[in-house]
Amino acid sequence: MNWLMHQTMRWFGPHDTVKLSDIRQAGCSGVVTALHHIPVGEVWTPDEIAKRKKLIEEAGMSWTVIESLPVSEDIKTKSGDYFRHIGNYKESLRNVAAAGLKVVTYNFMPVLDWLRTDTAYELPSGAKALYFNRLEFIAFDLFLLQRPGAEKDYSKKEITAAKKVFADMDEAKRAALYRNLLMGLPGSDESFTPGKVISLLNTYKGIDANTLKKNLIEFLRAVVPVAEACGLSMAIHPDDPPYPLLGLPRVMSTEADAAELIDAVPSKANGFCFCTGSFGARADNNLVQMLRRFGDHVHFLHLRNTKRDAAGNFFEADHLGGDTDMYAIIKEVLQIQQRRQLSIPMRPDHGHQMLDDLQKNAYPGYSAIGRLKGLAELRGVEYGIVQSIKSLYHIGT
Ligand code: DNO
């Protein structure tokens, strides 16, 4: 038997403008979602889990992966409500396992999750993509946020260039830049004034990469045994982009980071959400080599492609375009699945806003049609590889 990737899509819940029926029509049998309405740090109760599960099952699919069971800032900084939040996290793990769930995604990025300067970057075709422009980001940091000490993080040349970029922006462009960069803040419907953002960043004063990594390992030492005992796999999402920003440390960006994590808490239940878009935004990450090395710990796949340039900018390319060789990735994944005799859940990560979706309002990167296109292409590559192996080796269908 050939083990194929389990096709899923992310759903943000009943308020998502993309419906469960859209996801099913795109060809998915699995749904990736989270109970976004439960405050970070609190317990996911059996009741709330069952309600969400029922909605998905009534739509003819299954809830395959949790993305995310978020880790509170108190856990990341090992302060405040730390012990209560760890206890709650364990309880949530037991509750989701009792409901039959198997994979829990989380990240350990301080304060902000993913960061982009432009969530509607127009491609030559008129479709829109997510984009990270380094000079615009520096302009945000220095002139909009006015983070104390920020100049230390950039070269003189970059600062001069960012000044010019900022001077050339009109008010609307500056406001959009500010809004886009703060989308990764939890509860982003609140308005985050620069002062408020800086006070959040200050909670990491004195927490460098070593301390953050230590806190991550401590978190894993506490929760992985619970996950293991109830048959769950933990899947950490890499940093996006995979390097420190705004003076905040980031510790899950490279192959060495990943190796350290596995070595510190050696368990199959301690694994990765292998996001080719995030790891792939660094030229020094060799993704195929990483898959080979960590294959037994890959519990979830985010397949997405980025196109980098020498100045540190990148945009989200077509799923089969960009710098990542998606054919090589899928071939490697097929071998891992065959070896482990299982299907790894995969979602086409992000997608361009295109066609009818240009008129609709979806969460940036999560419109229906672009993801459907990505899924169809990825699935086509997988099908092609499997069929050609079968015919080459005369394996029965
Ligand atoms: C972005 C996503 C991330 C991811 C979290 C996982 O589109 O891939 O926001 O869900 O980092 O905790």
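A polar contact is a pair of N or O atoms within 3.5 Å; within protein, one must be able to donate a hydrogen and the other to accept it, and residues adjacent in sequence count only if both atoms are side-chain atoms. This is a predicted model, in which local features need pLDDT of at least 70, side-chain atom pairs count only at pLDDT 80 or more, and totals for chains, interfaces and linings use all residues. Residues are numbered from 1 along each chain as its sequence is written, and side-chain values use heavy atoms, with hydrogens and water left out.

**The ligand**

The ligand is surrounded by 13 residues. Among the closest are Glu67, Ser68 and Asp113.

| Side chain | Distance to a ligand oxygen |
|---|---|
| Glu67 | 2.5 Å |
| Asp113 | 2.8 Å |
| His237 | 3.1 Å |

On its own, the ligand has 330 Å² of accessible area (Shrake-Rupley method, 1.4 Å probe). The protein covers 98% of it.

Helices (H or I, at least four residues) and strands (E, at least two) are DSSP runs, numbered from the N terminus. Strand E8 spans residues 270-275. Buried means under 20% relative accessible area, exposed over 50%, and partly exposed in between (1.4 Å probe, protein chains only). Six of the six residues of E8 are buried, so E8 is largely enclosed by the rest of the structure.

Two strands pair if DSSP finds at least two bridges between them. Strand E7 (residues 233-236) runs parallel to E8, joined by three bridges. Here Ala235 stands opposite Gly271. From E7 the chain passes through helix H10 (residues 255-264) to E8, in a right-handed β-α-β crossover. Right-handed means that, with the strands pointing away from the viewer, the path from the first strand over the helix to the second runs clockwise. E8 also runs parallel to strand E9 (residues 298-303), with four bridges. Cys275 in this pair faces His302 of E9.

Most residues other than glycine have a negative phi, and most peptide bonds are trans. The bond from Glu67 to Ser68 is cis, with omega near -5°. Ser68 sits in the loop between strand E3 (62-67) and helix H3 (73-77). Asp240 and Pro241 are also joined by a cis bond, with omega about -5°. Pro241 belongs to the loop between E7 and H10.

Gln341 has a positive phi, near 55°. Gln341 is partly exposed, at 45% relative accessibility. Leu355 has a positive phi near 50°. Its relative accessible area is 56%, so Leu355 is exposed.

Technical notes. Near = heavy atom within 4 Å.
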